[in-house]
Amino acid sequence: MAQFDTEVAVVTGAGSGIGRATAEAFAAEGARVVVSDVNVEGGEETVARIEEAGGTATFVETDVTDGDAVAAMVETAVSEYGRLDFACNNAGVGGAQKPAADLSFDEWQQVIDVNLNGVWRSMRHEIPAMLDGDGGVVVNMASILGKVGFANASHYVAAKHGVLGLTKSAAIEYAEQGVRVNAVCPGFVDTPLLSEGGLDDPEARKGIESLHPMNRLGDVDEIASAVVWLCSDGASFTTGEALTVDGGYTSR
Ligand SMILES: NC(=O)c1ccc[n+]([C@@H]2O[C@H](COP(=O)([O-])OP(=O)(O)OC[C@H]3O[C@@H](n4cnc5c(N)ncnc54)[C@H](O)[C@@H]3O)[C@@H](O)[C@H]2O)c1
């Protein structure tokens with residue numbers, strides 16, 4: 001028997017990269033998965049991959065900047081599968097790469113609205129659904145850039161630091177009500193988000209790899225497995241944690 005045979009998970013930004021790997025990892029453990037993304041093609045492909053592997057999933061088009069869409073995403077988990085146990089709030093964007101004073105308000109606001117407000121919007125609907133059931137686990141996708149700064153990414157870094165503050169505060173608020181709230185802080189991971197950030201250039205890629213003592217980028221499955229562990233019974237006393245998965249980046 002797989003460990004999540006009775007559980008239902010929702011993953012935002014599950015049409016690509018870390019979110020897709022996480023949705024697939026939940027499904028491989030037996031969970032029924034609500035695959036959520038603003039990108040319809042990517043989301044539907046994730047569902048197809050899960051179904052081909054013998055799992056159960058459904059796609060809901062969701063822009064995490066739209067509160068009504070996020071509410072509908074959670075309603076789908078409950079109406080389709082009867083409950084919500086796990087939520088991985090993973091949708092995110094990289095944004096423009098510029099020094100803080102050169103960012104326009106719109107550039108600042110877009111990254112904050114997806115990467116920080118989007119996590120809060122999701123939790124706002126996910127937590128009540130979990131409280132209505134048997135409790136649950138929220139895992140927010142932060143970053144090492146929720147712990148340390150990075151030049152030309154102040155909006156992203158501010159949003160990810162904010163995600164950790166939100167995670168820790170909600171962990172305290174719901175600790176006695178059966179809802180654990182944690183975050184994962186990946187180092188740089190090989191995904192489309194990184195390619196869009198200029199890492200298709202081999203020299204730039206080498207430079208980023210060398211920031212990690214393991215001298216490589218992370219793989220999406222290495223992040224997904226951390227999310228699955230945080231949702232497992234093995235993590236039953238773990239809440240408010242910002243679990244770093246970074247090949248040693250922040251240990252330097
Ligand atoms: N790749 C990395 O190096 C890295 C490192 C640390 C943290 N992260 C975080 O991991 C998460 C996933 O990133 P990824 O690297 O897999 O990138 P990705 O670009 O492969 O996936 C991001 C997904 O989020 C979706 N998305 C974007 N805006 C959205 C919105 N408004 N509503 C709903 N979905 C939206 C995209 O359509 C895409 O499918 C992000 O939160 C990112 O900040 C990534």
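Two residues are taken to be in contact if their C-beta atoms, placed from the backbone, lie within 7 Å. The model described here is predicted. On this basis, R20, A23, E24 and A27 of helix α1 meet T46, R49 and I50 of helix α2. By class, this contact of α1 with α2 comprises 3 nonpolar, 1 polar and 3 charged residues. Helix α1 covers residues 17-28 and helix α2 residues 40-52; their axes come within 10 Å and cross at roughly 30°. Because angles under 35 degrees count as roughly parallel, α1 is roughly parallel to α2. The crossing in which α1 passes α2 is right-handed.

Helix α1 also packs against helix α8 (residues 220-231), where the two axes come within 8 Å and cross at roughly 50°. That angle makes α1 oblique to α8. The crossing of α1 and α8 is right-handed. From α1, the residues G17, I18, A21, T22, A25 and F26 take part, and they meet V220, D221, I223, A224, S225, V227 and V228 of α8. The contact of α1 with α8 holds 9 nonpolar, 3 polar and 1 charged residues by class.

Helix α3 runs over residues 67-81. At 1.5 Å a residue, its 15 residues should span 21 Å, and the end C-alpha atoms are 21 Å apart, in agreement with that expectation. Buried positions in α3 are V70, M73, V74, A77 and Y81. The elements covering these buried residues include strands β1 (8-12), β2 (32-37) and β3 (56-61), together with helix α4. The C-alpha atoms of D68 and I223 are separated by 29 Å, the two residues being 155 residues apart along the chain. I223 is one of the α8 residues that meet α1. After α3 comes G82, with a positive phi near 85°.

Helix α5 comprises 21 residues, 154-174, and at 1.5 Å a residue should span 30 Å; its end C-alpha atoms are 30 Å apart, which agrees. The buried residues of α5 are S154, H155, Y156, V157, A159, K160, V163, L166, T167, A170 and Y174. Among the elements that cover them are helix α4 (105-132) and strands β5 (136-141), β6 (179-186) and β7 (242-245).

Terms used: Residues numbered from 1 in each chain as written. Predicted model: local features only at pLDDT ≥ 70, side-chain atom pairs only at ≥ 80, totals over all residues. Helix = DSSP H or I, 4+ residues; strand = E, 2+ residues; numbered from the N terminus. Expected span 1.5 Å × (residues − 1). Buried ≥ 20, exposed ≤ 12 C-beta atoms within 10 Å, placed from the backbone. Axes fitted to C-alpha atoms, helices over the stretch in contact; angles between N-to-C directions. Parallel < 35°, antiparallel > 145°, perpendicular 65-115°, else oblique. Left-handed = near helix turned anticlockwise from the far one by under 90°. Nonpolar A, V, L, I, M, F, W, Y, C, P; charged D, E, K, R; others polar.
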